[in-house]
Amino acid sequence: MTEQQPQEATADAHRFPPSRRRADWMFGGVYGTVLASGLLAALDQKGDDFTPHYDASWVIVTAATAGLAHGYAHHMASHDQGSAGHRWRLLVVALWNEWPLIVAALPTVLLLVVSGIFDWDSYGVTAVGLGLNTALLFAWGSVVALRVGYRFGSALLIGLADATIGLAIIVANALIK
């Protein structure tokens with residue numbers, strides 16, 4: 001039996017890290033939604049021309065860059081033994097696991113693209129976008145809390161806590177502008 005232990009340890013060293021738990025994608029969803037809200041508020045400047053397609057490109061580029069940076073940081077923070085090829089595969093997995101952050105920014109990107117096509121007013125687009133993202137934060141918190149086993153009432157409170165982040169961005173946007 002002692003002969004098998006080194007083989008098992010060697011096999012464990014070459015495995016991929018365990019897949020993310022079902023709630024881990026909440027981090028990316030919340031982070032991407034908050035990031036998109038902050039960018040939406042910051043890119044809309046009074047007196048400037050409204051450039052929704054330009055703004056949409058910055059939201060998606062920033063979300064993708066943040067996802068790559070976060071995945072890379074996680075990979076570098078968890079030095080793993082193994083071959084260079086194994087470490088490269090782990091890096092790819094770490095980067096791939098950041099997809100929720102990018103997907104969470106897509107509603108804001110889509111809103112900006114549609115607003116550019118239909119020539120909507122920047123104030124209305126920003127207000128709708130921040131409201132939509134606040135509702136999405138509530139949904140992220142509530143749904144994930146239910147999925148990991150919280151009771152309905154507690155899940156709604158967690159959703160409300162997440163939505164409070166969106167409300168804080170709305171208040172900050174109103175105070176700064």
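Trainee: Which backbone oxygen lies 2.7 Å from a polar atom of the side chain of Thr 33?

Mentor: This is a predicted model. Thr 33 is found in helix α2, which covers residues 24–43. A polar atom of its side chain lies 2.7 Å from the backbone oxygen of Gly 29.

Trainee: Is Thr 33 buried or exposed?

Mentor: Leaving aside residues up to four places away in sequence, Thr 33 touches Ala 104, Asn 133, Leu 136, Leu 137 and Trp 140. Buried means under 20% relative accessible area. The relative accessible area of Thr 33 is 0%, so Thr 33 is buried.

Trainee: How far apart in space are Ala 42 and Asp 55, C-alpha to C-alpha?

Mentor: Ala 42 is also found in helix α2, and with a relative accessible area of 45% it is partly exposed. In sequence, Ala 42 and Asp 55 are 13 residues apart. From C-alpha to C-alpha, the distance between Ala 42 and Asp 55 is 9.8 Å.

Trainee: How many aromatic pairs does the structure hold?

Mentor: The structure holds 3 aromatic pairs. One of them joins Phe 27 and Tyr 31, whose ring centres are 5.7 Å apart with planes at 10°, so this pair is stacked. Both residues lie in helix α2, 4 residues apart, about one turn of the helix. The number of aromatic pairs is therefore 3.

Key: Residues are numbered from 1 along each chain as its sequence is written. This is a predicted model: local features need pLDDT of at least 70, side-chain atom pairs count only at pLDDT 80 or more; totals for chains, interfaces and linings use all residues. Side-chain values use heavy atoms; hydrogens and water are left out. Helices (H or I, at least four residues) and strands (E, at least two) are DSSP runs, numbered from the N terminus. Buried means under 20% relative accessible area, exposed over 50%, partly exposed in between (1.4 Å probe, protein chains only). A polar contact is a pair of N or O atoms within 3.5 Å; within protein, one must be able to donate a hydrogen and the other to accept it, and residues adjacent in sequence count only if both atoms are side-chain atoms. Contact means heavy atoms within 4.5 Å. Rings of Phe, Tyr and Trp (its six-membered ring) pair if their centres lie within 6.5 Å; planes under 30 degrees apart count as stacked, over 60 as edge-to-face and the rest as tilted.
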